[in-house]
Every structure is written in structure tokens, then in C-alpha cells.
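Keep the structure in view as you read.

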Amino acid sequence: MSSVITRPAARYGATAIALHWVLGLAIVAMLCMGWYMAGLPFSPQRLKLYNWHKWAGVAILALSVLRLVARLVRRPPPLPADVQSSMPRWQQLAHHGVHHLLYALFFIVPLVGWAYSSAAGFPIVFLGLVPLPDFVPASPALADALKPWHALTAYALAALVALHVAAVVKHQFIDRDGLMARMLPGRGRCAAERA
């Protein structure tokens, strides 16, 4: 009588898991805040939210740098062979493409926002304590050009986050391949617990 031993899929490291969840939650909160505050009339409340938005953007940029460095230092585990072999080629390309675009937008969205703020003549003073250098010189024309790009890149990031979540739901509840457990905090079980 032979038994098949299924090795659990390799998990992400603790640093990658922590940065994934902190950055993910921060980005969702920022997207919601940006959408909400853009519809507010000019008021002290709106100015306060804009400052918080800028501070959070700087924090997200710093976390993105940490996450990229952590990813370069410790490469992420490859997809389990059985998961990869069951994915059509277009899904494998989408998997890698979405991750690369997410990483790019982690930097592009806050940098364009910083450039817009600088061009509009509104310096960023992180937490109201640390003045940051202007990213570009003050220029109303440049501010007008950058403003829609900040919104467009934020919408693109929101769309990719939604796509990423949809893929997670598919893997967890349709494919039931345990892929999500690789990124869960704690001692998650992976592919071995297929139903």
C-alpha cells in the first residue's frame, strides 16, 4: 500500500507577508480616501484630508521601497508545479504581468502625486514635522498636466488590486489549490490541504 506525500508549497517570508498586508491595506485605504476627498467642497476638512493623503502617500512610497528591496534580497517562492501546470499560458502571463504592474504603480502613483503637489506649490511636510524637498519646480501648467495623471494611475492601481483580489478568490474557492496560504500570516497550510 503506497501513500503519496504532498509537500506544502513554499511560503513567502515573514517580512514579505507583513509588507504585503500592510501595503495592501494602506493602498485600499488611500484609494478610498482619495475618491472621498476629491468630491468634497473646499474646506478645512478637505485640506486636512489632503495633508493626510500626502503623508500616507509618502509612507506607501517608503514601504514600497522596503518591499522591493525585500523582494530582491529574498526572491519570492515559485508557483507550485501542479498549480503552474494547471494554469493556461495566458493566466501565467497575467499572473506575472499584474504583479509587475502593481509594483510599478506602487511607485508611480505616489511619485506623480508628489510631483503634482510640488508643481501646484503645496510642499509636503510629512506628519507636519519633516519638510520634504519639492519633486519638481512650481509650475501651474505642469500641475494641470499632472493632476489627471495622478487620478488615472490611481484608477489603474485600483483596477489591478481588484484583479488581484479576483484571482485570489478564484484560486481559493474555485481552484481550491491552497495558493493563498503562502501569503497568510502565521503557519498556514498550503497545497496539501486540497479538498
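Start with helix α4, residues 89-119. At 1.5 Å a residue, its 31 residues should span 45 Å, and its end C-alpha atoms are 43 Å apart, which agrees. (The expected span is 1.5 Å times one less than the number of residues; helices are DSSP runs of H or I with at least four residues, strands are E runs of at least two, and both are numbered from the N terminus.) This is a predicted model: local features need pLDDT of at least 70, side-chain atom pairs count only at pLDDT 80 or more, and totals for chains, interfaces and linings use all residues. Residues are numbered from 1 along each chain as its sequence is written, and side-chain values use heavy atoms, leaving out hydrogens and water.

Helix α4 has a kink of about 30°, centred on L105. (The bend at a residue is the angle between axes fitted to the seven residues ending there and the seven starting there.) Just after α4, G121 has a positive phi of about 85°.

Now turn to a helix pair. Helix α1 (residues 14-38) packs with helix α2 (residues 44-73) at about 155°, and their axes are 10 Å apart. (Axes are lines fitted to C-alpha atoms, for helices over the stretch in contact, and angles run from 0 to 180 degrees between N-to-C directions.) That makes α1 roughly antiparallel to α2, a label for angles over 145 degrees. Their contact has 18 nonpolar, 6 polar and 2 charged residues. (Ala, Val, Leu, Ile, Met, Phe, Trp, Tyr, Cys and Pro count as nonpolar; Asp, Glu, Lys and Arg as charged; the others, Gly among them, as polar.)

Definitions and conventions:
Angles under 35 degrees count as roughly parallel, over 145 as roughly antiparallel, 65 to 115 as roughly perpendicular and the rest as oblique.
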